[in-house]
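Reader: I am new to this structure and would like to go through it step by step. Please show it to me before we start.

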Amino acid sequence: MLIEAAGPLGIEVVVLDEANCPARQINLNSKHVTGSFKDPEKVRELARRVDVLTVEIEHVNTEVLEEIATKGVEVDGRMKKVAVHPSWETIRLIQDKFLQKEFFGKAGLPIATQIPIESGTAMKKSLQKAGQTLGFPFMLKARKGSYDGRGNFKVDGESDFEQAIAEMGKLSLYAEKFQPFKQELAVMVLRTEDGEGKLRDVHAYPAVETIHEDSICTKVFYPPRQTSSEVCEKARKVASDVIRGLKGRGVFAVEMFVLEDDSVMVNEVAPRPHNSGHYTIEAVPYMSQYKAQLYSILDIVPPSIKLQPRVAGAIMLNILGGREEESHDKLVDLTQSLYNDDMDVFLHLYGKASKPGRKIGHITVTSYSPDTKLEQLAAPLVKEVNQIRQ
Ligand code: ADP
Ligand code: MG
């Protein structure tokens, strides 16, 4: 999707990934670096071929990114420094969810109470202490490497300890107070910096409502349903404050909980384009999150930047792989056959192999009239999306 945005802007993208990776399928230039983004030598090779280096996943080797940004990479006997955005320091901080949230908490931003959990033989005692401090249920989370709910375990009581130790015991962990939230919101924020690493500005898209099922985001609603504009604006402000305090350029997703008293709490940050911003491809054609990513990392954000959607409503549905490789075929057919004057349907398939629970594409529906009952019109798609997960 980044490449789709880059093409018309005349920006060339070089990808480091496997030979037939999804991005490669639509980016046939000769500069592709074939290999793993976990391999430092491949990352150096990529750095030799580009002016700016960015990432689409935060679970990367930040040592090599630091080296490239500060010392540089050797090209013809000379060292070439390459800007890394978002900053390797930000990626490193975000990689450890516990440290990430400690950082936000110290800055006075609202986070859930959290405590580190010991590993090995001390783990059970540590869990007991967490239960006493946080109450039950609490969330046991992997500090690193988690995504789409992998690495989260809800501990309902002491009877869950054994299973938690068996499933999570080998990871570096922390416990987090369970938040009985009313709703989850997310805000995409664009951060710009000058050449000296000084903050220029932050720009926030409107808040969206995110629905997670089994800890994985399945649906996104713009605007959030049954949410006051005050709460939406509060979320935008909190998200902007969170991103202002980080380093580097780029778009960031801020995931938040709305609690019973309408207060907003920060859940976590993703330092990259995010599925809560996919709807911007159609809803904010002037500045999709991918165009925003390119403009911000290249520091060419126009002063007239506008992030307000041009549609009255949008819903994004993630396509998660089902049990069979062809489980989602019916859904794809439906996007082509479903017709309604008041709703536009956009299909995105990523060219990924289907695996159960893997995000392999998404659908965005939009409407131009505030009177359109978009959720009702999209109901057949929602039903089919839910069906795949059965
Ligand atoms: P991931 O990195 O997999 O996105 P998150 O920490 O964002 O992990 O958790 C995924 C989802 O699990 C959240 O969007 C939310 O629905 C639920 N969740 C996470 N933390 C809590 C919490 N402290 N209280 C209640 N629900 C939570
Ligand atoms: Mg999350």
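Author: A definition comes ahead of the questions: two strands count as paired if DSSP finds at least two bridges between them. The model is a predicted one.

Reader: In which sense do strand 7 and strand 10 pair, and over how many bridges?

Author: Pairing needs at least two bridges. Strand 10 covers residues 173-177, and its pairing with strand 7 is antiparallel. One pair of bridge partners is Pro116 and Tyr174, the latter in strand 10. The number of bridges between strand 7 and strand 10 is four.

Reader: How many residues of strand 19 are buried?

Author: A residue is buried if 20 or more other C-beta atoms lie within 10 Å of its own. Strand 19 runs over residues 359-367 and is mostly covered. Of its nine residues, the number buried is eight.

Reader: Which residues stand opposite Gly361 and Val365 of strand 19?

Author: Strand 17 (residues 313-320) pairs with strand 19 over eight antiparallel bridges. Strand 18 (residues 344-349) also runs antiparallel to strand 19, joined by six bridges. Opposite Gly361 stands Ile319, and opposite Val365 stands Val345.

Reader: Why do the buried residues of helix 3 line one face of the helix?

Author: Helix 3 covers residues 62-70, and its buried residues are Thr62, Val64, Leu65, Ile68 and Ala69. They line one face because, seen down the axis of helix 3, they fall within an arc of 155 degrees.

Reader: Which residues are exposed on the other side of helix 3?

Author: The buried residues of helix 3 pack against several elements, including helix 2 (40-48), strand 4 (73-75) and helix 4 (88-95). Just after helix 3 comes Gly72, with a positive phi of about 100 degrees. On the other side of helix 3, the exposed residues are Glu63 and Thr70.

Reader: Where are Pro86 and Pro223 found?

Author: Most peptide bonds are trans. A cis bond joins His85 and Pro86, with omega about -5 degrees, and another cis bond joins Tyr222 and Pro223, with omega about -10 degrees. Pro86 is in the loop between strand 6 and helix 4. Pro223 is in the loop between strand 14 (216-222) and helix 8 (229-244).

Reader: Is Asp262 buried or partly exposed?

Author: Asp262 is not a glycine, yet it has a positive phi of about 70 degrees. It lies in the loop between strand 15 (250-258) and strand 16 (264-270). With 13 other C-beta atoms within 10 Å, Asp262 is partly exposed.

Reader: Asp299 is not a glycine; what is its phi?

Author: Most residues other than glycine have a negative phi. Asp299 lies in the loop between helix 10 (289-297) and strand 17. It counts as partly exposed, with 15 C-beta neighbours inside 10 Å. The phi of Asp299 is positive, at about 55 degrees.

Reader: Which domain does UniProt list for residues 101-298?

Author: Over these residues the chain is 28% helix and 32% strand, and the end C-alpha atoms are 28 Å apart. The listing comes from an unreviewed UniProt entry, and the domain is named ATP-grasp.

Reader: How many helices and strands does the protein have, and what is its radius of gyration?

Author: There are 13 helices and 19 strands in the protein. The globule rule gives 21 Å for 390 residues and the protein's own value is close to that, so it is as compact as a globular protein of that length. The radius of gyration is 21 Å.

Conventions
Residues are numbered from 1 along each chain as its sequence is written. Chains are lettered from A and ligands numbered from 1 in the order in which they are written. This is a predicted model: local features need pLDDT of at least 70, side-chain atom pairs count only at pLDDT 80 or more; totals for chains, interfaces and linings use all residues. Helices (H or I, at least four residues) and strands (E, at least two) are DSSP runs, numbered from the N terminus. A residue is buried if 20 or more other C-beta atoms lie within 10 Å of its own, exposed if 12 or fewer, and partly exposed in between; C-beta atoms are placed from the backbone. UniProt positions are given in the numbering used here, feature names are shortened, and annotations may be inferred rather than shown by experiment. The arc is that of the directions from the helix axis to the C-beta atoms. Two residues are in contact if their C-beta atoms, placed from the backbone, lie within 7 Å. The radius of gyration is taken over C-alpha atoms; the globule rule is 2.2 Å times the number of residues to the power 0.38.
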